[in-house]
Amino acid sequence: MHTFDAMLATPVGPRDIALGETLWSLLRSGCYVLGFLGISVAMGLTASWWAVLALPAATLIGFVFSSVGMAATTWIRNFQDFDYIQMALVPLTLLSATFFPVEAYPAGLRWVVELSPLYHGVAIERALLLGTVSWSLVGHVAALVAMGAVGLAVTRRRLTALLLK
């Protein structure tokens, strides 16, 4: 659709566009989270002051999805390839322990659920909003940071390879 052709005609490069898209998605998701957090506080649904950390935690989750999403878009050849992303997001959402606790899944599927970035994000947000903070959250944060770093590394490598073509 030639969305970025005008930008690429300037000194802005593909890496700059990817960074701008990532930052824009973080800003936008941060506004959504702020709205939901405000409603949660106004309705008395937050159990502790740990809920203040829900905003940076949700921004971290947004960063992971943004960086992995940017990496995925480097393989997209045409508009129909976006269906593959949708095919990945639906099971990711259903198997995130949002609707059912992770203990409800069979043992063979449980480890797949625990690999999901959304599972780690749900665990962090749930603990912060309910006030059940423990040291196990450090592992969830580390998993999200690692997934985001891998997404950025793949994006950087793929964009560099695409530029050299």
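Which residues does leucine 137 touch, not counting residues up to four places away in sequence? Leucine 137 touches Ala123, Ile124 and Ala127, where contact means heavy atoms within 4.5 Å. The structure is a predicted model, in which local features need pLDDT of at least 70, side-chain atom pairs count only at pLDDT 80 or more, and totals for chains, interfaces and linings use all residues. Residues are numbered from 1 along each chain as its sequence is written, and side-chain values use heavy atoms, with hydrogens and water left out.

Leu137 also belongs to the largest nonpolar core, a set of nine residues that includes Ala57, Ile61, Ile124 and Leu144. A nonpolar core is a set of buried Ala, Val, Leu, Ile, Met, Phe, Trp, Tyr and Cys residues joined through side-chain atoms within 4.5 Å; buried means under 20% relative accessible area, exposed over 50%, and partly exposed in between (1.4 Å probe, protein chains only). At least two residues of this core come from each of α3 (54–73), α6 (117–130) and α7 (136–164). These helices are DSSP runs (H or I, at least four residues), numbered from the N terminus. The largest share, four residues, comes from α3. A second, separate core has five residues, among them Val102, Tyr105, Val113 and Tyr119.

Alanine 97 is not a glycine, yet has a positive phi of about 65°. Most residues other than glycine have a negative phi. With 4% relative accessibility, alanine 97 counts as buried.
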